[in-house]
Amino acid sequence: GDTMNSFVWLGLVLLLVVAAVLTHHTPKGGNPVGRTRLMKSARGILVVGVVVFSAIGIWSSFKH
């Protein structure tokens with residue numbers, strides 16, 4: 001139940017992050033600095049998402 005839900009949410013977040021990275025990866029004005037900053041923040045968001053969802057998964061498994 002709960003564990004499956006957190007896996008679904010994790011999958012959605014991963015899809016969103018991947019989509020964001022892929023969309024921003026193509027240079028619009030040929031600005032490598034902005035792209036690097038975007039990649040760094042996307043990586044940060046990804047790490048935070050993984051940590052949050054791991055915590056949720058661990059917490060829900062302890063709850064049962």
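Reader: How many helices and strands does the secondary structure of the chain come to?

Author: Welcome! This is a predicted model, and its chain has 2 helices and 0 strands.

Reader: Where does L15 lie, and why is L15 called exposed?

Author: L15 is found in helix 1, which covers residues 2-25. Exposed means over 50% relative accessible area. L15 has 60% relative accessibility, so L15 counts as exposed.

Reader: What makes M4 count as exposed?

Author: The reasoning follows the cut-off of over 50%. M4 has a relative accessibility of 54%, and therefore M4 counts as exposed. M4 also lies in helix 1.

Reader: Which residues form a nonpolar patch on the surface?

Author: The patch is made of M4, F7, V8, W9, L12 and L15. Together they have about 670 Å² of accessible area.

Reader: What separates the C-alpha atoms of M4 and G57?

Author: A distance of 9.0 Å, although M4 and G57 are 53 residues apart along the chain.

Reader: How much of the chain counts as buried?

Author: Buried means under 20% relative accessible area, and 12% of the 64 residues count as buried. As for the accessible surface of the chain, about 5,000 Å² in total, 75% belongs to carbon and sulfur atoms.

Terms used. Residues are numbered from 1 along each chain as its sequence is written. This is a predicted model: local features need pLDDT of at least 70, side-chain atom pairs count only at pLDDT 80 or more; totals for chains, interfaces and linings use all residues. Side-chain values use heavy atoms; hydrogens and water are left out. Helices (H or I, at least four residues) and strands (E, at least two) are DSSP runs, numbered from the N terminus. Buried means under 20% relative accessible area, exposed over 50%, partly exposed in between (1.4 Å probe, protein chains only). Accessible areas come from the Shrake-Rupley method with a 1.4 Å probe; for residues, only the protein chains shown count as cover. Patches are made of residues with over 30% relative accessible area and no salt bridge: like charges are joined within 9 Å, nonpolar side chains (Val, Leu, Ile, Met, Phe, Trp, Tyr) within 5 Å. A salt bridge is a side-chain nitrogen of Lys or Arg within 4 Å of a carboxyl oxygen of Asp or Glu.
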